[in-house]
Amino acid sequence: MPSSLLMATVTMATTSSSEVSPSDPAIAKAHFRVAQYMMEAGIKLHLQSVTVASACTMYYRFFSVCDVRNYDAYLVGAAAIYLATKVEEQHVKLRDIINVCYRILHREEAPLEVGKKYWDLRESVINCELLLIRMLKFNPKVTLPHKYMVHYLKSLQDWMDQNMWSKTPICRMAWAMLGDCYHGSICIRVKPQHLAVAVIYFAMQCYGVNMPHQEDQAKKKWWQVFSEELNEEKVQEIVAELIDMYEMETKV
């Protein structure tokens, strides 16, 4: 992990006029590492999964319009966590966020004490939060796939053989995969409904679970019941991107 995060003040660089491609391997790896750091901070701060997902989504929305080379990405991540706790109404002290984020990036150093460094870091996070809000056009609230996931899984449970459903941890696998989606910008490039369907489809494929045989005679596939505009090709594209994301974990 870089040790530069939260070292001074946020760089108020202007937005780059040339967008950095999200497919750039170096950029993707850099964002992956920051997402890992944000998720670790979320665990240590006892944040809900929705709060962490909201923070990561804000982070990727910010860098969809800003050049990552002009900003301290870890500082943006910390500010996104702080803002997400407000948006999702899971109130956490800023001091706790700063201490946890600093500790993750400076594991070999002594815990941060209240002093000049702490107050500089606090000012940095607050300034970065204001910049984040501005770049999100004062609309940080996002629609997450979590609520769709709950509805879809409940529907599938009603359709499928209950013995198979109870023995196969599809729900647990799907929720874990959904959390992993926030390691990349797929969370802002794919509709939340589509992401929820693709994650469930992927989880079912991992366990070799298919819908009852009656589906062969049905006019629609099960995922089209949830989203008529979704087709199998699109689902497979999303799944392929998720697989690439898992493979990236071995490279960072």
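## Where α8 meets α10

Let's start with a helix pair: Ile170, Met173, Ala174, Met177 and Leu178 in α8 touch Leu195, Val199, Ile200, Phe202, Ala203, Met204 and Cys206 in α10, where contact means heavy atoms within 4.5 Å. Sorted by class, that contact has 12 nonpolar residues, no polar ones and no charged ones. (Ala, Val, Leu, Ile, Met, Phe, Trp, Tyr, Cys and Pro count as nonpolar, Asp, Glu, Lys and Arg as charged, and the others, Gly among them, as polar.)

Helix α8 covers residues 170–180 and helix α10 residues 192–206; they pack at an angle of about 130°, with axes 9 Å apart. Axes here are lines fitted to C-alpha atoms, for helices over the stretch in contact, and angles run from 0 to 180 degrees between N-to-C directions. α8 and α10 are therefore oblique to each other (under 35 degrees is roughly parallel, over 145 roughly antiparallel, 65 to 115 roughly perpendicular, and the rest oblique).

## What kind of model this is

This is a predicted model, in which local features need pLDDT of at least 70 and side-chain atom pairs count only at pLDDT 80 or more, while totals for chains, interfaces and linings use all residues. Residues are numbered from 1 along each chain as its sequence is written, and side-chain values use heavy atoms, with hydrogens and water left out.

The protein's mean pLDDT (the predictor's confidence in each residue, from 0 to 100) is 86, and 87% of its residues reach 70 or more. Over residues 1–21 the pLDDT is below 50.

## α6 also packs on α10

Helix α6 (residues 146–159) packs with α10 at about 45°, with their axes 9 Å apart. That makes α6 oblique to α10. Tyr148, Met149, Tyr152, Leu153 and Leu156 in α6 meet a set of α10 residues including Pro192, Gln193, Ala196 and Val197. This contact of α6 with α10 has 11 nonpolar residues, 1 polar and no charged.

A search of the whole structure turns up 13 aromatic pairs. The rings of Tyr37 and Tyr74 have centres 5.1 Å apart and planes at 65°, so the pair is edge-to-face (rings of Phe, Tyr and Trp, its six-membered ring, pair if their centres lie within 6.5 Å; planes under 30 degrees apart are stacked, over 60 edge-to-face, the rest tilted). Tyr37 sits in helix α1 (residues 25–44) and Tyr74 in α3, 37 residues apart.

As for the helices themselves, α1 and α3 pack at about 35°, with axes 10 Å apart.

Key. Helices (H or I, at least four residues) and strands (E, at least two) are DSSP runs, numbered from the N terminus.
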